[in-house]
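Please work through the following exercises with the sequence and the model open beside you. Each task is followed by a solution that goes step by step.

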Amino acid sequence: MSETLKEKVYSEAEIAERIEKELPKWRYENGWIRRKYKTNSWKSTLMVINTVGHLAEAAWHHPDITASYAWVEVRLMNHAAKGITDKDFELAKKIEDVVQWQPAKEGGALEGTPPTDQRFAYIKYD
């Protein structure tokens, strides 16, 4: 982005409204929009981290990530703009779409992970 262009930084009220409407599993706290994804194992946690990393790098907008054995927290804030901008909302939506994707619900050829076999448990979808 050009140095001369300023991105709109959303107010707390605008952020709350957009989160409620567009990203209901996300929340605004301490200057960040954030979401915790629950996983079933360390392997699943690493897959979520790598997915978020790929999307962020492709978008050239980088989140803060905290992780433990069975969860990943993603935090977004536009550091250059010093607040929440459209970049944060757009990347959050893309992360949400990809991490929460359940192919079996689409009815196509991709069946997704077996829902009744814990050996293949991945994300704890909500």
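A salt bridge is counted here when a side-chain nitrogen of Lys or Arg lies within 4 Å of a carboxyl oxygen of Asp or Glu. The model is predicted, and local features therefore need pLDDT of at least 70, side-chain atom pairs count only at pLDDT 80 or more, while totals for chains, interfaces and linings use all residues. Residues are numbered from 1 along each chain as its sequence is written, and side-chain values use heavy atoms, with hydrogens and water left out.

**Exercise 1. The overall layout**

Task: Describe which elements the protein chain contains and in what order they run.

Solution. Helices (H or I, at least four residues) and strands (E, at least two) are taken as DSSP runs and numbered from the N terminus. On that basis the protein chain has 3 helices and 4 strands, and from the N terminus on these follow the order α-β-β-α-β-β-α. The C-alpha trace spans about 50 × 30 × 25 Å along its principal axes. For burial, a residue is buried under 20% relative accessible area, exposed over 50% and partly exposed in between (1.4 Å probe, protein chains only); buried residues account for 34% of the 126 residues.

**Exercise 2. The strands**

Solution. Two strands pair if DSSP finds at least two bridges between them. Step three takes E3 (residues 64-68) and E4 (residues 71-76), which run antiparallel with 5 bridges; Ile-65 has Val-74 of E4 as its bridge partner, and a hairpin of 2 residues joins E3 to E4. As for cover, strand E2 (residues 32-38) is mostly covered, since 5 of its 7 residues are buried.

**Exercise 3. Salt bridges**

Task: Using the 4 Å rule, state how many salt bridges there are, and examine three of them.

Solution. The count comes to 14 salt bridges.

- Glu-22 and Arg-18 form a salt bridge whose closest N and O atoms are 2.9 Å apart. Because they are 4 residues apart in helix H1, about one helical turn separates them. Glu-22 is partly exposed at 27% relative accessible area, whereas Arg-18, at 16%, counts as buried.
- Glu-73 and Arg-27 meet through their side chains at 3.5 Å, N to O. Glu-73 lies in strand E4 and Arg-27 in strand E1 (residues 27-29), so this pair ties together parts that are 46 residues apart in sequence. Glu-73 is buried at 10% relative accessible area, while Arg-27 is partly exposed at 37%.
- Arg-119 and Asp-117 form a salt bridge with the closest N and O atoms 2.5 Å apart. Arg-119 counts as exposed at 64% relative accessibility, and Asp-117 as partly exposed at 21%. Elsewhere, salt bridges with shared partners join Arg-27, Glu-29, Arg-34, Asp-64, Glu-73 and Arg-75 into one network.

**Exercise 4. Aromatic rings**

Task: Find the aromatic pair, and decide which residues place a charge over a ring.

Solution. Rings of Phe, Tyr and Trp (its six-membered ring) pair if their centres lie within 6.5 Å, with planes under 30 degrees apart counted as stacked, over 60 as edge-to-face and the rest as tilted. A search of the whole structure gives 1 aromatic pair. The ring centres of Tyr-10 and Phe-89 are 5.5 Å apart and the planes stand at 90°, so the pair is edge-to-face. The pair links distant parts of the chain, as Tyr-10 is in the segment before helix H1 (12-22) and Phe-89 is in helix H3 (residues 86-99), 79 residues apart. Both Tyr-10 and Phe-89 are buried.

A charge sits over a ring if NZ of Lys or CZ of Arg is within 6 Å of the ring centre and within 35 degrees of the ring normal. The charged end of Arg-18 sits over the ring of Phe-89 at 4.1 Å from its centre, and Lys-36 lies over the face of Trp-71, 4.3 Å from the ring centre.
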